[in-house]
Number of protein chains: 6
Amino acid sequence: MVDSVRLDELSWPEFAAKIAAGAPVLLPLGSTEQHGPHLPLNVDVVLPTGVCERIAREVGGLVAPTVAYGCKSMPRSGGGEQFPGTLSVDAHTFALVLRDVIRNLARQGVRRLVVVNGHYENLWPSVEGLDLARREIARDGITDFTVMRLEYWDFAQRATLESIFPAGFPGIELEHASLMETSLMLVLRPDLVEMDKVPSDGPATFPPYDRFPVPDDFGLPPSGVLAVATGSTTEKGEALMADYVTHISAAIRKEFGL
Amino acid sequence: MVDSVRLDELSWPEFAAKIAAGAPVLLPLGSTEQHGPHLPLNVDVVLPTGVCERIAREVGGLVAPTVAYGCKSMPRSGGGEQFPGTLSVDAHTFALVLRDVIRNLARQGVRRLVVVNGHYENLWPSVEGLDLARREIARDGITDFTVMRLEYWDFAQRATLESIFPAGFPGIELEHASLMETSLMLVLRPDLVEMDKVPSDGPATFPPYDRFPVPDDFGLPPSGVLAVATGSTTEKGEALMADYVTHISAAIRKEFGL
Amino acid sequence: MVDSVRLDELSWPEFAAKIAAGAPVLLPLGSTEQHGPHLPLNVDVVLPTGVCERIAREVGGLVAPTVAYGCKSMPRSGGGEQFPGTLSVDAHTFALVLRDVIRNLARQGVRRLVVVNGHYENLWPSVEGLDLARREIARDGITDFTVMRLEYWDFAQRATLESIFPAGFPGIELEHASLMETSLMLVLRPDLVEMDKVPSDGPATFPPYDRFPVPDDFGLPPSGVLAVATGSTTEKGEALMADYVTHISAAIRKEFGL
Amino acid sequence: MVDSVRLDELSWPEFAAKIAAGAPVLLPLGSTEQHGPHLPLNVDVVLPTGVCERIAREVGGLVAPTVAYGCKSMPRSGGGEQFPGTLSVDAHTFALVLRDVIRNLARQGVRRLVVVNGHYENLWPSVEGLDLARREIARDGITDFTVMRLEYWDFAQRATLESIFPAGFPGIELEHASLMETSLMLVLRPDLVEMDKVPSDGPATFPPYDRFPVPDDFGLPPSGVLAVATGSTTEKGEALMADYVTHISAAIRKEFGL
Amino acid sequence: MVDSVRLDELSWPEFAAKIAAGAPVLLPLGSTEQHGPHLPLNVDVVLPTGVCERIAREVGGLVAPTVAYGCKSMPRSGGGEQFPGTLSVDAHTFALVLRDVIRNLARQGVRRLVVVNGHYENLWPSVEGLDLARREIARDGITDFTVMRLEYWDFAQRATLESIFPAGFPGIELEHASLMETSLMLVLRPDLVEMDKVPSDGPATFPPYDRFPVPDDFGLPPSGVLAVATGSTTEKGEALMADYVTHISAAIRKEFGL
Amino acid sequence: MVDSVRLDELSWPEFAAKIAAGAPVLLPLGSTEQHGPHLPLNVDVVLPTGVCERIAREVGGLVAPTVAYGCKSMPRSGGGEQFPGTLSVDAHTFALVLRDVIRNLARQGVRRLVVVNGHYENLWPSVEGLDLARREIARDGITDFTVMRLEYWDFAQRATLESIFPAGFPGIELEHASLMETSLMLVLRPDLVEMDKVPSDGPATFPPYDRFPVPDDFGLPPSGVLAVATGSTTEKGEALMADYVTHISAAIRKEFGL
């Protein structure tokens with residue numbers, strides 16, 4: 001028997017057995033989006049997938065295939081659509097993907113689902129997709145479907161953040177392609193990190209509004225790194241990862257009675 | 001610099017440089033679908049991705065992230081939605097994903113695209129998605145966007161098929177989870193193939209129509225293997241792969257003048 | 001009382017009585033599409049309608065109005081959208097039409113439906129439309145709705161094809177506007193067939209992929225006749241029609257217990 | 001050469017030649033809907049199609065295939081969806097069909113279009129579909145597309161109505177399945193009219209509002225004939241038809257400069 | 001406790017108490033649309049809102065927030081989209097708004113709803129939205145939801161119209177920005193009426209069809225006032241308002257058994 | 001001439017003159033949503049509308065009708081859909097409303113638009129709607145359309161927040177129906193504030209994830225007030241309002257060169 005927490009690496013009888021036994025399913029949501037000159041476009045796929053795989057091992061769960069194309073990048077949180085390599089889908093499209101995948105998971109017996117978002121701009125479209133799915137699931141007569149939805153970064157603990165950012169945490173929106181994501185990539189895919197290319201044109205100095213077309217003086221670092229990535233280390237990544245895995249696993253156990 | 005044919009393993013400046021130099025982009029279309037008791041659910045992701053990566057090396061191209069959730073499985077070509085682990089999206093959803101991704105590829109300068117389908121039921125939704133994208137691309141004033149769309153299995157050569165199927169090729173629809181896909185998986189992900197679980201309840205004996213609900217006597221093997229997988233070997237997989245890579249690469253060179 | 005197998009030629013009480021008595025309904029799917037210089041644009045409407053009317057007489061069924069605008073024509077199976085007179089709708093539009101019509105048939109008591117497709121490119125959109133309808137029908141609490149979906153040409157028997165194509169059957173995709181469709185039109189609407197205009201620029205020599213824009217050397221006969229229509233006769237049409245009517249009727253009787 | 005005003009009875013070169021010569025295209029919009037016990041379900045298909053064919057002969061135009069499934073029937077104008085045989089589509093679906101067909105007509109060179117509605121409830125969805133199509137046509141760079149949209153019954157002249165309704169015209173909404181439609185069917189398809197089944201439970205006595213579910217005392221005649229059909233004659237039908245053909249033809253000539 | 005018939009001026013416990021007690025909810029549908037040089041763009045919001053508030057006081061009901069953006073204005077009934085200030089949404093958009101709002105009203109316990117339309121072109125989209133909502137509500141297991149849908153102007157009594165239009169009522173379509181609407185605005189928002197700017201370029205002399213682009217000789221008064229507004233008075237507005245309130249309230253009491 | 005900053009209180013010639021003179025348009029986005037037992041359901045309509053009207057006077061702008069039905073309320077930011085009186089629309093619906101309204105504003109000559117959001121859950125759907133509109137506007141050939149999009153509360157200055165929250169600002173998400181919104185309502189609609197009903201069951205103690213169905217121990221105060229409203233005063237509201245008006249006006253002047 002294949003030993004894997006990846007749902008798609010199982011055969012259908014293996015999948016069926018795990019679900020029948022009550023295994024929770026984790027669904028990672030990613031994107032293909034610029035992450036500065038030192039990180040690959042797949043950061044938002046690698047990170048939630050890696051987080052989910054570790055959690056799945058903790059809680060006896062399965063990880064569904066990561067949604068690789070995310071909702072449209074915004075200048076103030078991801079640099080924006082004008083960056084080469086950012087390949088987004090509309091929010092409506094993204095929500096329909098979630099609606100369909102979640103509806104089918106429920107149809108196939110999954111009753112404990114955790115949607116783990118790894119791309120800021122997916123937040124609301126994932127709420128919409130989940131809501132559409134839940135409505136259909138209820139109409140299909142399934143009454144015991146429970147689901148959690150979260151952004152993995154919200155599980156970093158205060159002490160960890162204070163240790164990583166001795167000068168103060170700049171806020172999660174500006175962390176795009178910055179110290180946290182770079183450190184986590186050093187844990188999961190160091191072969192794709194080019195620390196020698198870490199730029200120094202940040203942090204961003206955005207005004208508190210969107211403006212289109214994006215003006216030249218909008219405060220957006222040309223590199224696409226919104227805060228700073230200097231100082232990223234594997235150790236910092238491991239500390240964050242430990243927070244995510246520990247605390248998301250605990251929440252899953254609590255909510256699903258595992 | 002990261003050395004990869006995977007578009008999403010590049011940073012945005014690396015992506016931009018490749019596209020500016022005219023690199024064709026290959027977009028693999030997969031699915032998460034039952035493939036019998038001896039193969040994982042990700043066969044339709046692994047195969048087109050593997051084919052595309054080899055072609056990309058041949059033609060200097062890039063492989064975009066594979067669309068991992070495909071269009072709804074049908075009993076006569078994939079066993080159908082009732083199999084555990086088959087996680088499909090609606091054709092409309094699938095088409096919108098393609099529309100959005102292709103539109104954004106064009107917006108970012110890609111002028112040579114190859115859509116490589118690896119899941120039978122994606123055929124028509126990919127036609128629709130491509131048509132919607134081309135319409136929008138033209139309205140956005142881009143006039144030199146060229147695109148190919150293909151099912152990779154159509155490039156198996158007659159001699160190869162005759163050699164693999166000495167008793168005659170049963171047709172591509174019944175090849176689901178059968179000899180060709182199993183042999184190709186032995187090439188690409190042998191760790192996920194469990195040859196000792198190859199079933200013997202096929203081949204399917206479908207009537208020439210769909211019927212819903214699917215009746216008990218519809219001729220569908222309970223294993224989900226529509227033809228037979230016995231006799232699958234790495235050598236057969238390599239022979240098929242060679243056909244795909246050689247002839248799709250040749251077609252790409254011809255159409256794009258590479 | 002009006003004596004007709006056409007559902008729309010009945011009054012509502014006549015329709016109600018037939019449905020209450022368990023009459024199956026046949027829904028033909030057509031298109032308005034180029035069929036060479038010797039055939040009218042309505043071939044894909046005339047043929048499935050004619051087939052359905054004959055079957056309806058055999059099985060005591062009713063024929064619903066034919067959907068006259070089909071899904072977008074592709075170069076390799078229908079010549080493509082660039083031909084004058086090809087008036088297609090998007091796959092999504094087509095699927096919604098089917099969803100709505102089928103949902104309303106079920107709402108009105110129809111429990112035995114046969115969707116009979118006569119235009120190749122309608123295949124997948126009709127699958128989608130039927131799936132959407134079945135989902136809604138189930139949510140509306142109807143649990144005994146059964147449906148068949150088929151392409152009528154799949155019921156030609158091997159012996160008939162061998163007799164009509166002594167040199168071997170070129171395959172159904174290339175039969176567009178060719179010998180089979182021309183012969184069937186000679187049976188159903190000989191007044192619309194101009195045998196003196198049968199072209200000789202085929203057969204098509206397509207590569208195994210789509211390419212857009214369609215290049216000059218794509219192997220597409222300028223006439224739009226993908227194989228050859230020479231030699232079409234009423235007798236060949238009658239032989240095919242006999243196969244369709246006999247074998248589809250038999251399948252309907254089997255599936256619906258008539 | 002086939003001599004027909006029906007667009008779909010022409011071959012593609014014949015269609016192309018007519019359009020290149022500036023022929024206007026008429027697009028009839030129908031429905032499949034109850035029309036009382038004495039008329040078939042296809043009244044709203046037969047009437048606008050017949051009107052259009054006559055007009056086409058007057059103005060040198062072509063008649064596109066009639067849209068056979070119309071927008072949802074309302075109790076106060078068509079009896080409502082609860083009548084057996086009424087097979088409607090949603091307004092959104094109907095509008096998309098029109099959008100697609102009209103866009104494709106324009107793409108193929110049609111510059112003079114007349115949308116001729118024959119089912120009351122199609123009025124607004126046809127406005128929407130036409131608007132969506134015109135928006136897309138403009139974005140596709142076509143600037144000289146002109147279109148008329150009309151309900152054919154609005155061209156009955158006052159003198160004709162006074163002659164047919166000596167006691168006063170009850171208004172077009174209540175004319176459903178009543179004297180005008182019955183008389184016109186006697187002109188176009190007398191074989192489908194069963195005058196001996198004309199009911200006498202009308203006219204309807206609706207309140208000035210919709211109410212759902214439709215209450216028992218809503219004033220809806222059980223027969224579905226909203227006014228009265230008694231007294232319908234071929235002569236009255238001919239008089240109305242003459243009005244429609246004469247005055248719509250004149251309007252077309254005026255607007256299109258023919 | 002806030003004393004208001006406006007649903008949105010209550011707190012949630014106040015709303016809950018009213019609904020639990022069976023209060024009917026009135027949902028006014030408006031538009032933002034040109035109404036001549038003497039009236040503001042919000043006429044179609046002010047009038048149905050004002051009518052609903054008066055009715056709510058009569059029947060113990062609540063008025064939901066008015067939908068302020070209506071369906072696209074047509075030349076023959078509202079002057080058309082080319083007028084400055086006309087800000088419409090597509091029919092599909094409008095229908096979805098209604099679907100969602102009505103579904104949520106039902107979900108929250110509302111069982112008696114009155115949709116009160118104040119913009120002619122909203123008529124059919126409101127039918128569609130209501131139908132979509134009712135379908136979903138039924139699938140959500142709610143079986144006792146009742147709803148009325150009306151155009152408020154249909155409740156003007158014959159005697160009132162004869163008194164206001166001694167020369168004969170020109171018909172409701174041409175009443176756009178004319179005597180009835182102006183008189184009603186004098187009742188509800190006299191501060192927004194500029195009687196000195198009432199134009200004299202009407203009435204419109206439309207042909208019985210739509211034509212796009214709108215030609216110069218279409219009979220559309222440049223002012224956008226389709227009939228005449230001269231002679232508008234508060235008294236006439238009060239007479240109309242009395243009709244609306246009296247007769248709509250009576251209908252609500254009858255249908256809902258209040 | 002009517003003296004109003006409300007776009008919909010102008011006649012069309014007045015609107016046309018203002019737009020031709022370059023007036024920016026402000027579009028407030030609201031919701032109908034529970035705001036505790038002491039505030040009405042229309043808080044999210046009243047506040048952005050009031051803010052916009054004040055800004056419009058500062059910058060010579062016009063305020064378009066507020067969108068009164070917002071996107072679905074979430075437990076952690078608005079209490080959630082289960083509260084009576086919360087009447088939301090789907091994100092897709094909301095985005096289409098914005099797409100249509102903004103497209104029409106641009107079509108009518110508006111080149112300077114400010115979208116002012118007053119309901120947290122509208123954030124992403126408004127991004128989507130604006131993106132869809134901008135795409136269409138560009139395809140319609142309009143190249144000089146500029147737009148800002150903002151949440152008004154992001155313009156509260158640090159000093160003001162420190163003064164209002166001496167114990168530290170709890171964060172904007174928890175401010176739902178709390179001190180800031182209550183104080184602002186005391187400025188704009190004191191007649192709708194019932195200070196004696198301010199609850200004391202907050203603040204919320206949410207976990208860092210969504211969970212559906214919402215469990216009993218989710219930390220949601222039964223009153224729907226997520227933080228605390230005690231201590232709300234008109235003075236605090238005026239201080240916040242001054243921040244919003246001053247700093248949003250300044251941003252508008254900067255971006256639009258006014």
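Reply: What follows concerns a predicted model, beginning with a sheet and ending with a pair of helices.

Me: In what order do the five strands of the open sheet lie?
Reply: The order is S2(A)-S1(A)-S3(A)-S4(A)-S5(F), with mixed pairing.

Me: Which strands stand at the edges?
Reply: Strand S2 (62-63) of chain A and strand S5 (210-212) of chain F do; each has a single partner strand, so one side of each lacks a neighbour in the sheet.

Me: How many bridges join S4 of chain A to S5(F)?
Reply: Three bridges link S4 (residues 146-151) of chain A with S5(F), and the two run antiparallel. Within S5(F), Arg211(F) is the residue opposite Met148(A).

Me: What does helix H2 of chain A touch when it packs on the sheet?
Reply: H2 (residues 43-59) of chain A touches S1 (25-29), S2 and S3 (112-117) of chain A, and its direction makes about 165 degrees with that of S1(A). Helix H4 (residues 91-107) of chain A lies across S1 and S3 of chain A, at about 170 degrees to S1(A).

Me: Turning to chain B, at what angle do the axes of H4 and H5 cross?
Reply: The axes of H4 (residues 91-107) and H5 (residues 123-139) of chain B cross at roughly 40 degrees and come within 7 Å. H4(B) is therefore oblique to H5(B), and the crossing is right-handed.

Me: Which residues make that contact?
Reply: Among them are Phe94(B), Leu98(B) and Ile102(B) of H4(B), and Leu130(B), Ala133(B) and Ile137(B) of H5(B). The contact residues comprise 11 nonpolar, two polar and four charged.

Technical notes: Residues are numbered from 1 along each chain as its sequence is written. Chains are lettered from A and ligands numbered from 1 in the order in which they are written. This is a predicted model: local features need pLDDT of at least 70, side-chain atom pairs count only at pLDDT 80 or more; totals for chains, interfaces and linings use all residues. Side-chain values use heavy atoms; hydrogens and water are left out. Axes are lines fitted to C-alpha atoms, for helices over the stretch in contact, and angles run from 0 to 180 degrees between N-to-C directions. Helices (H or I, at least four residues) and strands (E, at least two) are DSSP runs, numbered from the N terminus. Angles under 35 degrees count as roughly parallel, over 145 as roughly antiparallel, 65 to 115 as roughly perpendicular and the rest as oblique. A crossing is left-handed if the near helix is turned anticlockwise from the far one by less than a right angle, and right-handed if clockwise. Contact means heavy atoms within 4.5 Å. Ala, Val, Leu, Ile, Met, Phe, Trp, Tyr, Cys and Pro count as nonpolar, Asp, Glu, Lys and Arg as charged, and the others, Gly among them, as polar. Two strands pair if DSSP finds at least two bridges between them.
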